[in-house]
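This briefing covers chain pairs, sheets and helix packing in the model shown below.

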12 protein chains.
Amino acid sequence: MARKVFVLNGPNLNALGKREPGMYGGKSLSDIEKDCRKLGNELGFEIDFRQTNHEGVLVDWLHEADDAAIGVVTNPGAYSHTSIALHDAIRAISIPVIEVHISNIHARETFRHTSMISSVVAGAILGFGPNGYNLALRALSDICNN
Amino acid sequence: MARKVFVLNGPNLNALGKREPGMYGGKSLSDIEKDCRKLGNELGFEIDFRQTNHEGVLVDWLHEADDAAIGVVTNPGAYSHTSIALHDAIRAISIPVIEVHISNIHARETFRHTSMISSVVAGAILGFGPNGYNLALRALSDICNN
Amino acid sequence: MARKVFVLNGPNLNALGKREPGMYGGKSLSDIEKDCRKLGNELGFEIDFRQTNHEGVLVDWLHEADDAAIGVVTNPGAYSHTSIALHDAIRAISIPVIEVHISNIHARETFRHTSMISSVVAGAILGFGPNGYNLALRALSDICNN
Amino acid sequence: MARKVFVLNGPNLNALGKREPGMYGGKSLSDIEKDCRKLGNELGFEIDFRQTNHEGVLVDWLHEADDAAIGVVTNPGAYSHTSIALHDAIRAISIPVIEVHISNIHARETFRHTSMISSVVAGAILGFGPNGYNLALRALSDICNN
Amino acid sequence: MARKVFVLNGPNLNALGKREPGMYGGKSLSDIEKDCRKLGNELGFEIDFRQTNHEGVLVDWLHEADDAAIGVVTNPGAYSHTSIALHDAIRAISIPVIEVHISNIHARETFRHTSMISSVVAGAILGFGPNGYNLALRALSDICNN
Amino acid sequence: MARKVFVLNGPNLNALGKREPGMYGGKSLSDIEKDCRKLGNELGFEIDFRQTNHEGVLVDWLHEADDAAIGVVTNPGAYSHTSIALHDAIRAISIPVIEVHISNIHARETFRHTSMISSVVAGAILGFGPNGYNLALRALSDICNN
Amino acid sequence: MARKVFVLNGPNLNALGKREPGMYGGKSLSDIEKDCRKLGNELGFEIDFRQTNHEGVLVDWLHEADDAAIGVVTNPGAYSHTSIALHDAIRAISIPVIEVHISNIHARETFRHTSMISSVVAGAILGFGPNGYNLALRALSDICNN
Amino acid sequence: MARKVFVLNGPNLNALGKREPGMYGGKSLSDIEKDCRKLGNELGFEIDFRQTNHEGVLVDWLHEADDAAIGVVTNPGAYSHTSIALHDAIRAISIPVIEVHISNIHARETFRHTSMISSVVAGAILGFGPNGYNLALRALSDICNN
Amino acid sequence: MARKVFVLNGPNLNALGKREPGMYGGKSLSDIEKDCRKLGNELGFEIDFRQTNHEGVLVDWLHEADDAAIGVVTNPGAYSHTSIALHDAIRAISIPVIEVHISNIHARETFRHTSMISSVVAGAILGFGPNGYNLALRALSDICNN
Amino acid sequence: MARKVFVLNGPNLNALGKREPGMYGGKSLSDIEKDCRKLGNELGFEIDFRQTNHEGVLVDWLHEADDAAIGVVTNPGAYSHTSIALHDAIRAISIPVIEVHISNIHARETFRHTSMISSVVAGAILGFGPNGYNLALRALSDICNN
Amino acid sequence: MARKVFVLNGPNLNALGKREPGMYGGKSLSDIEKDCRKLGNELGFEIDFRQTNHEGVLVDWLHEADDAAIGVVTNPGAYSHTSIALHDAIRAISIPVIEVHISNIHARETFRHTSMISSVVAGAILGFGPNGYNLALRALSDICNN
Amino acid sequence: MARKVFVLNGPNLNALGKREPGMYGGKSLSDIEKDCRKLGNELGFEIDFRQTNHEGVLVDWLHEADDAAIGVVTNPGAYSHTSIALHDAIRAISIPVIEVHISNIHARETFRHTSMISSVVAGAILGFGPNGYNLALRALSDICNN
């Protein structure tokens with residue numbers, strides 16, 4: 001039976017594809033969801049793919065994941081840079097969490113150079129575009145199989 | 001037919017009138033709503049006037065506005081100073097957004113001197129009290145008629 | 001008839017007891033709720049004990065408290081350190097608000113050393129573990145009886 | 001009889017139109033002067049429109065305005081960001097002063113993000129291009145008629 | 001037999017009552033001493049209440065307390081914000097130390113927002129006026145009885 | 001024959017007396033001039049008393065003083081806090097220069113806490129109101145008679 | 001024929017396995033080399049795996065790679081945090097460069113939180129231990145095959 | 001009968017004359033004391049001239065002065081730059097306090113550019129050498145006779 | 001016919017030769033003017049050499065140069081370090097501007113290490129004494145002949 | 001006859017041995033005193049070994065040493081990091097002063113990384129535990145015999 | 001006989017011409033070498049032109065130059081901004097060193113705005129492209145012939 | 001048989017004696033080498049004394065020392081202040097490393113006040129001139145014999 005993995009997306013990722021395609025590429029979030037499901041299938045993962053614009057909902061979902069999933073891939077978007085609540089939520093749960101950013105946050109505005117969750121995730125993958133989600137699923141698979 | 005304009009208000013603006021009247025004046029938010037509707041009428045705008053204490057709801061509404069309205073006037077209150085999510089939401093949509101602050105944020109605490117959205121709005125109007133909403137509607141009208 | 005007191009808890013406090021027990025102790029939030037009800041009884045307080053992971057909900061509840069309660073004890077968790085919205089909400093209401101932190105935030109990471117609400121609360125109690133809630137209720141009782 | 005309003009422009013605004021049109025638009029300062037006179041007429045204002053590259057002259061004019069005018073609209077250009085003398089001059093006079101910036105100073109270099117006069121003006125209007133002058137005159141009219 | 005508790009007060013607290021009563025209230029330090037003795041009696045504490053303007057004397061007393069008392073309540077006044085010597089003294093002794101501030105130090109000048117001892121005390125109580133001493137004694141009693 | 005002393009006043013000091021009397025007192029600049037002439041007489045000084053709103057004029061006058069006077073008393077107002085040109089002008093001349101501030105600049109906004117000329121003047125006198133000019137003349141007299 | 005990929009390791013990585021195994025794990029650099037060769041084989045890459053303690057040598061190798069390889073995976077160790085020379089070298093060449101860090105640099109000392117090369121690499125992979133090299137090779141393969 | 005004035009000197013001023021004469025001049029502290037007594041006589045002041053190396057003693061003396069003297073002239077030496085206790089002591093008393101520094105503290109190391117007491121004294125006199133004490137006594141006389 | 005070049009000197013350069021000769025050398029500004037004329041002759045430049053202590057005049061002259069000259073050599077002295085107005089004036093004109101400093105500003109006080117105009121000039125020449133003007137004229141000649 | 005050397009210890013060093021033995025080792029201050037006397041004997045030094053918790057007393061002793069001793073070894077503990085008074089006292093005396101720290105202050109909290117006296121001592125010895133006193137005595141002997 | 005001059009180039013300058021031609025122009029380093037030799041000939045200089053990517057080699061060469069050459073022109077590239085070793089090497093030798101940068105470092109990223117060697121060179125030439133080397137050779141010639 | 005000790009010197013120490021003798025004294029590095037060998041002999045150490053201008057070589061040597069020596073005395077000169085590579089190399093090896101600086105780095109430029117290796121060495125000896133090497137060897141001997 002497939003093991004469940006949460007893929008949790010933060011604010012404005014619902015606008016992917018039409019939002020600043022020069023920065024984020026032309027793929028929509030549902031394109032990424034399809035890619036994740038396809039690779040998840042290969043890796044034996046059942047993907048629970050979600051998006052929200054609410055910081056509190058991301059916290060709720062992380063707590064939910066602790067009971068329901070074996071790991072989390074998350075791109076918390078703008079909340080990555082300021083949310084101590086997400087930092088605490090990741091510390092509060094015991095499954096591995098992997099951070100993904102589509103764009104290279106270090107090549108952008110200073111306020112995107114800091115991630116409040118980097119210090120508590122299992123690892124981070126930055127700047128590879130939508131492919132970052134696939135790399136994160138592979139990384140999670142490697143962690144779970146070790 | 002009137003063009004729709006969203007007027008989006010952030011946290012604690014529901015307390016306007018009873019909250020620190022020395023700072024914000026004695027008008028309530030529904031007084032402002034009435035003024036906006038009246039001037040909107042003149043300018044050919046249908047006003048959709050809303051308030052929320054939730055950062056995520058402001059982001060949701062901005063996405064909604066992109067399809068439903070020709071422009072946004074927003075006073076995001078406290079979230080103005082810290083929200084990268086609002087910054088990103090405004091960049092993600094293609095209609096003009098105008099920032100309003102009732103009080104002069106530069107004459108107050110240091111943490112109110114920064115606005116995370118100022119760099120992405122069409123323009124900003126600060127310190128004119130409730131009249132700032134009217135000025136913002138006029139500014140929006142000027143932008144839409146050019 | 002007992003006077004109502006709101007005890008408002010912020011993000012991740014629902015995980016208390018299982019979350020980093022070395023830092024926060026083994027008591028769960030419902031253990032603390034029981035302790036609060038017991039002491040509240042003694043002090044003539046009806047305790048309305050709540051928890052949320054959403055910043056906006058904390059703001060909503062503070063507005064609600066202004067009409068429904070004689071005071072608030074709050075542990076806004078991670079939002080304490082960044083939320084101007086909470087700061088404004090506390091200024092917007094007229095009942096006393098007391099800040100509690102279970103752990104000693106000054107003995108932890110730098111980003112926990114600042115509280116955005118400390119400058120507007122009636123007083124703050126830090127580092128006494130779950131007992132901080134009891135001390136806060138006593139402090140509130142002293143304020144209300146003076 | 002028309003009430004006098006000073007419109008005071010700071011350094012390099014004489015180059016408007018030929019200076020970085022991508023940033024400031026193609027209108028010259030005398031185009032703006034014409035627009036101000038036209039709207040001034042409507043609002044019952046006699047416009048005294050001036051430009052100088054000298055910080056001291058701006059200070060002189062503000063003192064002069066205190067006796068000669070009912071209000072000031074000012075775009076002090078580069079001096080906005082560093083001049084304590086202008087800050088003090090505005091505090092020293094009793095008529096309302098409104099700050100205008102043609103470009104969105106918050107979307108440009110860091111040294112333009114601060115305005116030394118924002119904390120002492122009646123209000124500020126940023127980023128609407130030459131139309132900002134019109135909005136400022138309207139705002140001044142609203143202040144004077146209240 | 002009553003257990004001894006040191007209540008150690010730092011610089012300028014001898015002027016309490018006549019010093020800035022708007023900030024610190026009208027109670028003198030000997031009024032607070034009386035309140036402490038009264039509550040100490042209830043809690044089974046013998047109170048040794050002292051005041052000094054000398055940083056070094058506070059250090060001496062903390063060392064003395066380690067042998068003579070079961071706990072310390074201290075309001076080191078101005079030295080709280082700068083004294084590494086007090087920080088080290090508290091770390092050097094093995095009994096619990098509780099920090100009290102009469103005024104809300106976070107609502108005052110920036111140089112009062114930092115406490116050099118907060119990271120090493122058992123807990124801190126800020127802003128409740130003279131009642132803070134009582135809350136501190138209760139907190140100490142709870143610690144000693146657990 | 002009386003020795004000449006320049007008393008050089010910077011921006012906005014022409015508004016003294018009517019400008020923020022709570023801060024600067026009710027004396028006008030010509031009242032101060034009279035006091036200076038009177039004390040100058042006693043001390044054997046011919047007073048050349050001037051005011052300008054222009055930084056460049058202050059620099060011009062300092063150069064002029066080097067040939068025409070035996071010393072300078074200066075209150076450069078707002079330019080004190082930012083003017084490297086004044087700093088250099090004082091270094092470039094060989095007569096003693098004394099800095100005066102009417103108000104206590106350290107008890108005001110942070111941007112007034114720095115003086116760019118303090119490091120190159122013979123001495124500074126701050127916060128004694130208009131009497132500071134008299135103290136400065138006495139100080140200059142002491143320097144010249146030693 | 002296999003395409004060549006440079007895997008370039010910086011200072012102290014030769015000590016891997018014996019150096020702080022709690023931080024970096026028990027694998028030696030030659031273990032990692034073997035893993036890279038194995039996966040390289042699968043992906044059609046010929047791996048040129050090198051280590052140096054010299055910043056200048058890393059710069060030399062990056063220039064060499066521009067002619068000899070189709071991409072670079074690099075873990076510049078300590079030089080990541082300070083080397084503008086590496087930043088410039090990566091900008092000077094036209095093949096994709098991927099940054100890897102074995103440990104989670106954001107969970108360590110502040111001076112490791114900055115990477116001078118992050119803003120110019122194709123993407124970065126942090127904190128997955130030795131497995132980061134494999135993820136980087138896969139990422140490079142994805143880039144080269146798109 | 002002469003009115004009493006305290007002249008309070010801080011650490012290392014006992015070494016005046018032999019300590020860095022290039023910086024502080026060749027006068028000893030007892031030379032200054034004599035000068036103060038002489039001018040005090042003229043002004044109708046009885047001078048109580050003291051020196052201590054102890055921060056706490058300076059605080060004690062300020063409290064003592066509040067009852068015994070009509071004003072204080074103080075040169076707190078090194079404690080000027082760091083002592084919040086002195087700041088508080090000056091605020092706690094109701095007689096005027098005048099700050100003197102022999103050397104020009106702004107022309108020396110950065111850590112001497114700040115004075116923790118400047119914001120609470122009646123005025124400050126910096127850089128005139130030993131003559132600063134005389135100027136301070138005159139300033140005090142002017143304050144007391146107004 | 002010779003092409004015109006403006007050589008524009010800022011505050012205190014009129015004092016050259018007598019002002020701090022250890023820092024600036026013994027040449028006066030008119031010595032430098034003569035050198036410039038001589039080399040200008042060789043290079044086919046008519047030199048318009050000016051000095052002012054007024055920031056606004058420098059701005060005026062830069063605007064004037066745009067119509068009258070083929071290039072500018074400028075040493076804005078103290079205004080280099082703070083003047084955004086000069087920065088904007090240089091951006092507003094289309095002829096090349098070259099920055100010269102006589103002394104090595106990086107070997108002096110920190111406040112001289114920044115130049116507000118360096119980012120908009122064609123090039124800068126620092127620390128070569130009066131010879132810097134000659135180097136600047138040669139550099140301008142090279143630019144104009146390419 | 002033996003030359004006298006002062007060994008001056010600051011706050012909390014009286015608790016050595018029982019205070020944080022993991023940090024400071026198990027030796028008490030009187031053990032160190034014995035070691036110093038023994039090595040002093042060898043080197044021809046009479047050791048005057050003292051400890052105080054008072055900053056002012058350290059200043060007093062340094063002045064006393066200037067007349068009574070040929071050199072000073074000092075470990076001012078916590079006062080090292082903040083005391084300008086100690087800095088000034090060491091500058092005010094003419095005998096060599098050597099700074100010792102038992103623990104490696106650079107491997108501890110940031111506020112211990114600065115020493116206010118390092119810039120004025122003859123040399124400093126950090127991190128060698130109690131043996132640092134011996135090294136300091138040897139260093140002093142080398143200085144005195146050269 | 002020609003006097004020898006070292007022209008020392010730092011990291012990545014070997015890539016000149018193909019590296020970011022929009023920034024650095026299309027000339028290669030050997031083109032610049034030719035230009036230097038040609039002008040060197042005119043000025044009576046034998047040019048020893050070198051490039052290295054190693055900070056240590058630049059230090060070695062500066063020491064070598066002290067014996068072998070009469071002056072150095074250096075463009076240390078990226079090491080300019082961070083290398084204290086180069087700063088010290090230039091101080092350690094007695095011949096004049098001139099700093100050149102091809103691009104205008106002040107118009108680029110913040111980390112290029114600082115030069116660690118500017119304070120110890122004879123002069124600096126910034127932003128004139130490859131022509132900067134020629135200007136530097138002329139400047140060196142002027143220094144050597146004075 | 002003598003135990004081997006590496007004495008590793010960083011950049012510019014080869015110029016000792018002729019480089020700024022006012023700062024570093026007149027001894028050359030080979031004089032220091034002789035002193036080290038002489039004292040090494042006494043202490044039973046075989047001294048391997050080296051110097052390099054290359055950061056990478058210092059890292060190489062530290063790794064080499066881990067197998068070949070029982071301890072290291074190092075003066076990494078300029079690299080002390082910036083090299084994370086040296087910091088990591090010292091952490092990567094298991095023998096004690098002692099840091100020496102000839103001059104008092106805290107009495108010099110700010111950029112020399114920080115040492116990147118101080119937090120990982122066994123101890124540090126600063127400011128005693130060439131004698132610091134001897135003190136370091138003694139300290140190492142004490143560590144090895146305990």
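Chain J and chain L bury about 1600 Å² between them, and 59% of that area lies on carbon and sulfur atoms. The model is a predicted one.

**Chains J and L**

- On the chain J side, the residues that lose the most area to chain L are H106(J), F128(J) and L135(J), which together make up 29% of what that side buries.
- Chain J gives 20 residues to the contact, and chain L gives 20 residues.
- Chain J is superposed on chain L by a rotation of 180 degrees with 0.0 Å of shift along the axis, at an RMSD of 0.0 Å.
- I125(J) has the C-alpha nearest this axis in chain J, at 2.3 Å from it.
- Of the contact residues of chain J, 100% recur in chain L, and the same surface serves both copies.

**Chains G and A**

- Between chain G and chain A about 1600 Å² is buried, with 59% of it on carbon and sulfur atoms.
- The contact draws on 20 residues of chain G and 20 residues of chain A.
- A rotation of 180 degrees, with 0.0 Å of shift along its axis, brings chain G onto chain A with an RMSD of 0.0 Å.
- This is the relation of a two-fold axis.
- I125(G) comes closest to the rotation axis among the residues of chain G, its C-alpha lying at 2.3 Å.
- The copies meet through the same surface, because 100% of the interface residues of chain G are also interface residues in chain A.

**Chain pairs without contact**

- Chain D and chain E are joined by no contact, and their closest C-alpha atoms are 20 Å apart.
- Chain I and chain J likewise have no contact, with their closest C-alpha atoms 20 Å apart.

**The sheet of chains F and H**

- Ten strands make an open sheet with mixed pairing, in the order β2(F)-β1(F)-β3(F)-β4(F)-β5(F)-β5(H)-β4(H)-β3(H)-β1(H)-β2(H).
- Its edge strands are β2 (45–51) of chain F and β2 (45–51) of chain H, each of which pairs on one side only.
- From one strand to the next, the twist averages 15 degrees.
- Strand β5 (residues 123–126) of chain F and strand β5 (residues 123–126) of chain H run antiparallel and are joined by three bridges.
- Within this pairing, I125(F) has I125(H) of β5(H) as its bridge partner.
- Helix α2 (residues 29–43) of chain H lies across β1 (3–9) and β2 of chain H, and runs at about 160 degrees to β2(H).

**The sheet of chains I and K**

- In chain K, strand β4 (residues 97–101) pairs with strand β5 (residues 123–126) in the parallel sense, over four bridges.
- V100(K) stands opposite I125(K) of β5(K).

**Helix packing in chain I**

- Helix α3 (residues 55–68) and helix α4 (residues 84–92) of chain I have axes that come within 9 Å and cross at roughly 5 degrees.
- α3(I) and α4(I) are therefore roughly parallel to each other.
- On α3(I) the contact is made by E55(I), L58(I), V59(I), L62(I), H63(I) and D66(I), and on α4(I) by A85(I), L86(I), A89(I), I90(I) and A92(I).
- These contact residues of α3(I) and α4(I) comprise eight nonpolar, one polar and two charged.

**Helix packing in chain A**

- In chain A, the axes of helix α3 (residues 55–68) and helix α4 (residues 84–92) come within 9 Å and cross at roughly 5 degrees.
- α3(A) and α4(A) are therefore roughly parallel to each other.
- The residues of the contact of α3(A) with α4(A) are eight nonpolar, one polar and two charged.

Key: Residues are numbered from 1 along each chain as its sequence is written. Chains are lettered from A and ligands numbered from 1 in the order in which they are written. This is a predicted model: local features need pLDDT of at least 70, side-chain atom pairs count only at pLDDT 80 or more; totals for chains, interfaces and linings use all residues. Side-chain values use heavy atoms; hydrogens and water are left out. Copies are superposed by least squares on the C-alpha atoms of residues with pLDDT of at least 70 in both. Contact means heavy atoms within 4.5 Å. Axes are lines fitted to C-alpha atoms, for helices over the stretch in contact, and angles run from 0 to 180 degrees between N-to-C directions. Helices (H or I, at least four residues) and strands (E, at least two) are DSSP runs, numbered from the N terminus. Angles under 35 degrees count as roughly parallel, over 145 as roughly antiparallel, 65 to 115 as roughly perpendicular and the rest as oblique. Ala, Val, Leu, Ile, Met, Phe, Trp, Tyr, Cys and Pro count as nonpolar, Asp, Glu, Lys and Arg as charged, and the others, Gly among them, as polar. Two strands pair if DSSP finds at least two bridges between them. Buried area is the accessible area (1.4 Å probe) that two parts lose on being put together, summed over both.
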